[in-house]
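User: I am new to pockets in protein models. Could you walk me through how to read them?

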Amino acid sequence: MNKITAVILVIILAAVPLLSLAIEGKESSFVLDVSGGMDTVPAQTEQLLNKSIPGKIFLERIKHRLLVLGGAEEFGGVFLHEGNLINNYRPDAENGITGNLQNVIDFIEQKQMPSYLMMIPTECVVCQEEVPELADIFNQKTMIDTMYSAFSGNAITVDAYGALFRNREKDVYYNTHALPTSLGGYYLYSELIERLGRSPHDIDEFDISYAGYGFYGSDYDKMPLEGVKSDAVSLYYYNSYNRSYTVTHFKEGQTYTYDRLYIAEYESAEDKTDIIFGGLSPIVTVDTMGPYTDELLIFGDETAKCYVPFLVNHYARITIVSLDKLTPSLAKNIDTERYRQVLFAYSVDTFAKMGSLDNIKMLFEE
């Protein structure tokens, strides 16, 4: 973008909020300071937007539209591609990968349980053809391979990257939300269940319905741009045999239960993906009535909502533990001895957060 176009854009960006204040009949003491050069104007405009203007979302859309017209392709770490928003994930320089790897290894060595590890990549590395050609994309595949090598002899690893990459032309990630869709979850499940020693159900063995039409997720909050495609939540129902489910949530001071996998009340929630078993509490158990006896313990994050609805049709009980929400009193509800297998399943960005798995020590340290 040439200098003349850039100057025009920043002037417009500065003028839009000032015009809005005039229309609203509001007085403003805002003075545009160009002593530091025109490069400082967008930051000053952003400060005014945050403090003064009720119609911030509307003005943000105008700002992003002007930047698109000016040739910009990334906004606050989010790419725009044909109405789809893609978060450009990069781990912090000071991340928690080493500490979290050690936490998992310590648990496995202490408990001596058959253990499995699934690291789930984010969309920007799976769907690389949808991001700008010269974009600086972090190599999550190498990161995952390095983490997996640390578990040689301790855990069986699951190729989540391959499962999603082979199906990347399908809707395996939400348009506006930084999670795999239920379809993406099916492909993760198909890869995972074989590593767990079972055969996957064919996708034709599930009926599909949709809920939460028109919702916009976490990436849209960073780029509220007109023309972005909204999302819906796909719900998969096992149809080969009748199955009934009991979903129990354990929170500090309360326990509540649902008699179904999908909770329609959450259509009004901010995160519509919580329709799937009511979202994640510190501990969630899913009991399935069927010809199953084994129980599976999962330490995981929000990605569990995409693949667990398929896994439940192989186990009598699945328990999902969100370690970031776990407290010492709630940890007493987890009897690790009852489970035949343990799965550590995390999105790469969750696993890289400093201290995100520290609470697992409550389950093996005195």
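User: How much space lies in the second largest pocket?

Analyst: Keep in mind that this is a predicted model. A pocket is an open set of points with protein on both sides. Here, the second largest pocket holds about 250 Å³ of space.

User: Which residues line the second largest pocket?

Analyst: Lining residues have an atom within 4 Å of a pocket point. Among them here are Asp171, Tyr173, Tyr174 and Asn175. Thr181, Ser182 and Leu183 also line this pocket. So do Tyr210, Asp231, Ala232, Ser234 and Tyr236.

User: Which element gives the largest share of that lining?

Analyst: Strand S7 (231-238) does, with four residues. Helix H8 (182-195) also supplies at least two.

User: How does the lining of the second largest pocket divide by class?

Analyst: Six residues are nonpolar, four are polar and two are charged.

User: What volume does the largest pocket have?

Analyst: Its volume is about 760 Å³. The lining of the largest pocket has 39 residues. Closest to the centre are Ala178, Ser347, Asp349, Thr350 and Lys353.

User: Which elements each supply at least two residues of the lining of the largest pocket?

Analyst: Two strands are on the list: S3 (84-87) and S13 (341-347). The helices are H5 (123-126), H9 (218-222) and H12 (348-351). H9 gives the largest share, three residues.

Key:
Residues numbered from 1 in each chain as written. Predicted model: local features only at pLDDT ≥ 70, side-chain atom pairs only at ≥ 80, totals over all residues. Heavy atoms only, no water. 1 Å grid on protein atoms, 1.4 Å probe; cavity = no way out; pocket = protein on both sides within 12 Å on 5 of 7 lines; lining within 4 Å. Points joined across faces, edges and corners; volume = space filled by probe spheres on them. Nonpolar A, V, L, I, M, F, W, Y, C, P; charged D, E, K, R; others polar.
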